[in-house]
Amino acid sequence: KGHILKDVYTVVGGLAMMSIGWVIMANVAAVLGITGVIKNIDVNDLSVPDLEIRNYLTRHYNSRFQVNPRKFENLVSSVFKDLGFQALCTPYSHDGGIDILLEKGSDLSAVQVKRTKNAIKLEQVRSFIGALTLQGIQNGIYVSTSEFQRGCYDIANSCLINLFGGSRFYEILLEAQILRYSNMAFPNLKSESLYHCGCFELNSL
């Protein structure tokens, strides 16, 4: 479900890519909270831009439980967009158990998002599977700010569903931040290059 590509550059090409990597790291450092000061924001405020909340959560991830549920759905959608997906949020109410639709090439996936402190129960995963079946969608992703109870991963693996608990989603959030800000620094640099340059170990979905 994820892989890490090894360093594949030559001596000359490697030195060039390493130089690019250091510049990218400098741009990303502030985003990840390594340098600078990130102001306090009200993560429950719907008017706060998604990117500001993403930046804030990289340093204050425990605040994820205070993010407005609808806002968190939008945030998850923006993260997947930065990872190369086309993402569309469904209506907040009467969504049939599907919060986000993802497309990448010919592949279609549905996402359910739960902003909760409680562990996701097996029954909730089964309910999501039922929603996928009704919509005729095979691939699903369940994103939660908490974790999943025992047994959830077994049934998910048998039904082409990826479970992203709080800790796993934090890794994906950081990956999306790196891709977003590296693309801003080098708009002509393909994101795939970052997987080869040895600067970051990124797990692709």
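Student: Helices (H or I, at least four residues) and strands (E, at least two) are DSSP runs, numbered from the N terminus. How many helices and strands does the protein have?
Tutor: Seven helices and five strands. Along the sequence, the pattern reads α-α-α-β-β-β-α-β-α-β-α-α.

Student: What kind of model is this?
Tutor: A predicted one: local features need pLDDT of at least 70, side-chain atom pairs count only at pLDDT 80 or more, and totals for chains, interfaces and linings use all residues. Residues are numbered from 1 along each chain as its sequence is written, and side-chain values use heavy atoms, leaving out hydrogens and water.

Student: What's the average pLDDT?
Tutor: pLDDT is the predictor's confidence in each residue, from 0 to 100. The protein averages 79, and 70% of its residues score at least 70.

Student: Where is the pLDDT below 50?
Tutor: Over residues 1–20, for one. Beyond near neighbours in sequence, that stretch has 28 contacts in the model, a contact being heavy atoms within 4.5 Å. Residues 191–205 are also below 50, with 48 such contacts.

Student: New topic. How much of the protein is buried?
Tutor: 43% of the 205 residues. Buried means under 20% relative accessible area, exposed over 50%, and partly exposed in between (1.4 Å probe, protein chains only).

Student: Which residues of the largest nonpolar core touch the most other members?
Tutor: Phe80 and Val143, in a core of 28 residues. A nonpolar core is a set of buried Ala, Val, Leu, Ile, Met, Phe, Trp, Tyr and Cys residues joined through side-chain atoms within 4.5 Å.

Student: Which elements supply at least two residues of this core?
Tutor: α2, α3, β2 (100–104), β3, β4 and α6 each do. There is also a second, separate core of 17 residues. Ile98, Val125, Ala131 and Tyr142 are among them.

Student: Back to α3. How many of its residues are buried?
Tutor: 10 of 14, so α3 is mostly covered. The buried ones include Phe72, Leu75, Val79 and Phe80. Lys71, Glu73 and Asp82 are buried in α3 too.

Student: And α4, what span should it have?
Tutor: The expected span of a helix is 1.5 Å times one less than its number of residues. Helix α4 (residues 122–135) has 14 residues and should span 20 Å; its end C-alpha atoms are 20 Å apart, which agrees.

Student: What do the buried residues of α4 pack against?
Tutor: β3 (107–114), β4 (139–144), α5 (152–157) and β5 (161–164). Those buried residues are Leu122, Val125, Phe128, Ile129, Ala131 and Leu132.

Student: Is Gly130 buried or partly exposed?
Tutor: Partly exposed, at 30% relative accessibility. Gly130 is found in helix α4.

Student: Where do Tyr61 and Tyr170 sit?
Tutor: Tyr61 is in the loop between α2 (50–59) and α3 (69–82), and Tyr170 is in helix α6 (residues 166–185). Tyr61 is buried, at 12% relative accessible area, while Tyr170 is partly exposed, at 25%.

Student: What about Phe148 and Tyr153?
Tutor: They form an edge-to-face pair, 5.8 Å centre to centre with 75° between the planes. Phe148 is buried at 10%, and Tyr153 is partly exposed at 37%. With Phe128 and Tyr142, they form one aromatic cluster.

Student: Last one. Which ring does Lys104 lie over?
Tutor: Phe85, at 4.6 Å from the ring centre. A charge sits over a ring if NZ of Lys or CZ of Arg is within 6 Å of the ring centre and within 35 degrees of the ring normal. Arg168 has its charged end over the ring of Phe164, 5.5 Å from the centre.

Definitions and conventions:
Phe/Tyr/Trp six-rings, centres within 6.5 Å; stacked < 30°, edge-to-face > 60°.
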